[in-house]
Amino acid sequence: MNTMDPFEVRMQFLSLLRKLNATQQSIQKVVSYALKYFSRCGEDLWDCIVEECQKGTVNHRINVLYFLDSLCEAAAVARVHALESSGGAGNMGGGGAGSAAGAGASKQYMSFYVDFVARDLEKIVEYVVPQGRQGLPNFTSTKQILESWRSKRVIDPQKVDDAMAILAARQSSLDDPSSSTSASVAVSASLSRNDIFKRIEEDRERHKRLRERRWVQPALPSAFPPFAAASATSDMGTSGADYAVSLTDEHNLALDIEFENEWDATSDWNEDDEEAAGEELELVRRGRGVGGAAGEEPMDLS
């Protein structure tokens with residue numbers, strides 16, 4: 001079977017990127033290609049992504065950002081599979097050569113493209129939402145993606161906050177009454193009627209996908225739950241300890257995310273809560289007062 005050299009991989013990836021649109025079929029095709037050639041050409045492919053963010057049209061740049069969103073999600077799943085595979089290799093290897101191979105695999109595929117996204121996040125946001133009214137169509141969608149990454153801990157929340165600060169600066173410049181409106185006229189003139197309707201349809205598709213994914217929690221290694229960490233450590237030696245730590249971190253992260261999402265959805269303590277608590281307390285007191293009477297059943301407080 002013939003294999004492509006790095007130059008051919010890069011050129012074909014650029015071709016796929018330039019044909020990218022808002023449909024999941026198009027996005028998943030590019031995601032699969034990027035993951036397939038990550039071990040051989042990951043840095044080169046990432047340079048292609050940044051280049052398209054910089055040189056593409058405003059509509060194309062937001063497509064690239066949504067592609068990065070799907071790429072990070074797919075990278076998380078691939079990372080879990082790599083961890084499980086490396087764990088299995090370590091167990092079969094009896095802590096020897098198989099264990100070392102498993103540790104190497106887990107390190108090689110620890111983050112896929114997520115580290116690249118985190119490293120260049122501010123640069124990407126600056127490209128996707130350029131200065132002035134030219135970047136206004138991408139402002140809301142970019143903010144939604146960043147908030148999703150922060151809530152799911154896809155990217156370090158501090159790095160996301162730094163990128164959000166760039167968006168805040170962009171918004172402040174747009175709110176400045178002294179800013180010129182010539183950029184707005186130029187953007188309107190550069191967009192044809194068909195381009196405007198195409199953007200509306202693509203935004204509808206993207207927002208639908210984003211709403212569907214808001215409730216999804218990060219993928220977890222299923223083969224080795226947290227209580228198996230000690231067993232993995234004893235069976236796999238030093239690499240097993242590293243693998244167990246990775247699994248524990250994954251599960252703790254998911255619990256943190258789930259708790260924070262529930263916490264954000266919970267309203268502040270108010271008078272209604274005090275009234276409800278008082279009523280429940282009164283019911284408990286009444287139940288205790290009559291609890292010893294003959295034929296009285298325990299009060300259901302559920």
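Which helix supplies the largest share of the lining of the largest cavity? The model is predicted, so that local features need pLDDT of at least 70 and side-chain atom pairs count only at pLDDT 80 or more, while totals for chains, interfaces and linings use all residues. Residues are numbered from 1 along each chain as its sequence is written, and side-chain values use heavy atoms, without hydrogens and water.

Two cavities of 30 Å³ or more are found, a cavity being a set of points on a 1 Å grid over the protein atoms alone where a 1.4 Å probe fits but cannot get out. The largest cavity has a volume of about 40 Å³, taken as the space filled by probe spheres set on the points. Ten residues line this cavity, and Q24, I27, Y66, S70 and R209 are the closest to its centre; lining residues have an atom within 4 Å of a point. Helices α2 (24–36), α4 (58–92) and α11 (193–213) each supply at least two lining residues, and α11 gives the largest share, with four. Helices here are DSSP runs of H or I with at least four residues. By class, the lining holds five charged, three nonpolar and two polar residues.

I196 counts as partly exposed because its relative accessibility is 40%, between the limits of 20% for buried and 50% for exposed.

W149, in helix α8 (residues 136–152), counts as buried at 1% relative accessibility. Its C-alpha atom is separated by 7.6 Å from that of V160, eleven residues apart along the chain.

Note on methods. 1 Å grid on protein atoms, 1.4 Å probe; cavity = no way out; pocket = protein on both sides within 12 Å on 5 of 7 lines; lining within 4 Å. Nonpolar A, V, L, I, M, F, W, Y, C, P; charged D, E, K, R; others polar. Buried < 20%, exposed > 50% of the residue type's maximum accessible area, 1.4 Å probe, protein only.
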